[in-house]
Amino acid sequence: MTIRTNRPDRLQHFRPRIHCLKKLEAIVVEMQDQKSGVKGSEQKLNVTSIPHVIAGKDVVAWLVNKMKSPVEEAQAFGTMLVAYGYIYPLQNHKKLVLCNDSNMYRFQTPYFWPTQKWFAEDTDYAIYLAKRNIRKKGQLEPYEQAHYNHLHKWLNHKWDFIVMQATEQYKAGKERKKPDRVVFDCQERAFWIVNRPPKRTFSAMDTGPERLIDPNTEQVASFDELRRRHIFYQQAIMRSKVKSSVSLGALVKYITTYKNHDPFLAPCLPSNPWQTDNDSYWNLNMRRVDLPTKMRVERWSFSLFELLSDLRGRDDFKIFLKKEFSGENLAFWEAAEELKWGTASSMSSKAESIFKMFLAPGAPRWINIDGRTMGLTVKGLDHPHRYVLEAAQTHVFLLMKKDTFFRYLKSPVYKDIQKKALNPEPHNFSPAQVEQNAQNRAPGIHPIILWKQEEEEKAKAAAASAPVDVKTMMSKIDRKK
């Protein structure tokens with residue numbers, strides 16, 4: 001390993017999880033305590049005595065005693081230590097898990113810990129592979145051979161230097177005692193298994209792209225930035241405060257309401273399609289199914305947002321509004337949503353058609369909003385954008401939430417759909433049936449086909465709800481005669 005004195009700043013590379021790594025290192029330091037840590041012993045590995053070897057079951061037992069946690073959690077925590085390279089296996093070095101048995105492990109030297117500020121560069125890895133190639137006489141593992149060939153092409157301009165460094169390190173290693181040489185080789189190999197894993201292997205060291213700005217550097221704020229901060233702090237001070245008891249009560253109420261509808265807390269009925277390969281759950285909960293499930297209908301009663309987010313619930317709400325001759329509010333809300341999420345090319349034409357249909361004096365489906373909101377909306381339509389109808393849409397949404405939504409929950413329309421709703425029974429597949437389901441798995445419907453079906457349904461609904469031109473209809477009847 002090439003040791004540097006001037007190391008690049010690697011700390012911001014681990015900034016999102018630096019606190020987690022510091023806690024792991026504190027646990028590892030406690031585990032290596034001579035009195036209260038994990039007891040190690042000298043073990044033989046390929047006729048070589050390796051000092052300070054620990055067994056996997058001893059590590060799990062120490063974690064169970066230290067954290068007062070079940071064996072499964074302790075083993076999972078130990079696996080995390082192995083995945084980050086704080087503990088490395090001596091036998092099956094590519095299997096970065098902690099086994100609760102007599103498998104042998106060792107603590108990694110702090111120089112190879114992830115929080116050290118030196119970066120695992122391609123040159124270092126090329127030197128390691130060249131040294132390993134010399135020691136193994138060209139018999140590298142397949143993934144190492146692939147990396148070796150790639151680095152040979154990539155670093156061909158300084159390959160002589162890499163081979164020279166590898167040769168010198170190999171000669172220096174031969175002068176060490178055999179146990180020390182084996183220990184160092186195992187430490188170095190464990191480090192590169194973590195930082196340069198085989199292909200199609202998950203690595204705990206995978207991170208996102210490097211930050212362009214170092215969060216540790218101090219930057220002088222401009223006058224404009226200070227002014228924006230001042231305005232933000234003023235608004236934060238003026239914001240209404242809520243007691244912790246009130247907020248906790250609201251959180252408890254929310255969790256109680258949604259507990260049976262959370263797939264992490266309650267099972268999927270009739271079965272989880274990702275585990276059983278049975279698509280009954282998806283078929284029963286399609287976007288526009290004839291008869292929804294009871295769980296789905298119950299979710300509509302939680303809030304108007306839940307009702308409108310479900311296309312099947314929105315269709316049922318339309319039936320209720322049609323009977324009460326008050327469907328213009330929902331139609332305007334849908335048109336505003338279509339403008340918000342539609343294409344930019346059709347934005348102006350959509351805004352103009354929405355204004356003529358719902359907001360203009362004498363509009364066919366005129367909606368009742370207050371004068372201030374109407375003035376803001378009409379002024380914004382001079383230069384239309386995606387959110388030009390946001391104020392009017394929010395006003396209409398609140399009107400439906402305060403009045404229409406509660407009348408819908410008490411209406412025969414909602415009660416009728418509650419009675420007709422399906423209540424599927426759990427499947428309880430056996431392991432053999434789960435395997436049979438996997439073999440008989442049917443291909444899914446392509447999303448483009450579903451999108452085309454929705455567009456056709458929208459076009460039919462728009463044609464059905466459009467105002468009828470009596471003169472055109474009479475002229476068509478006269479032509480038929």
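Helices are DSSP runs of H or I with at least four residues, strands are runs of E with at least two, and both are numbered from the N terminus. The structure is a predicted model, in which local features need pLDDT of at least 70 and side-chain atom pairs count only at pLDDT 80 or more, while totals for chains, interfaces and linings use all residues. Residues are numbered from 1 along each chain as its sequence is written, and side-chain values use heavy atoms, with hydrogens and water left out.

The secondary structure of the protein chain comprises 22 helices and 4 strands. Of its 481 residues, 35% count as buried, a term that denotes under 20% relative accessible area, whereas exposed denotes over 50% and partly exposed lies in between (1.4 Å probe, protein chains only).

The whole structure contains 20 salt bridges, each defined as a side-chain nitrogen of Lys or Arg within 4 Å of a carboxyl oxygen of Asp or Glu. In one of them, Arg-227 meets Asp-224 at 2.7 Å, N to O; these residues lie 3 apart in helix H8 (residues 223-238) and are therefore separated by about one helical turn. Arg-227 is partly exposed at 41% relative accessibility, as is Asp-224 at 34%, and both belong to a network of salt bridges that also includes Arg-228.

Another salt bridge joins Lys-340 to Glu-390, with the closest N and O atoms 3.3 Å apart. This pair links distant parts of the chain, since Lys-340 lies in helix H15 and Glu-390 in helix H18 (residues 390-409), 50 residues apart. Lys-340 is buried at 12% relative accessibility, whereas Glu-390 is partly exposed at 32%.
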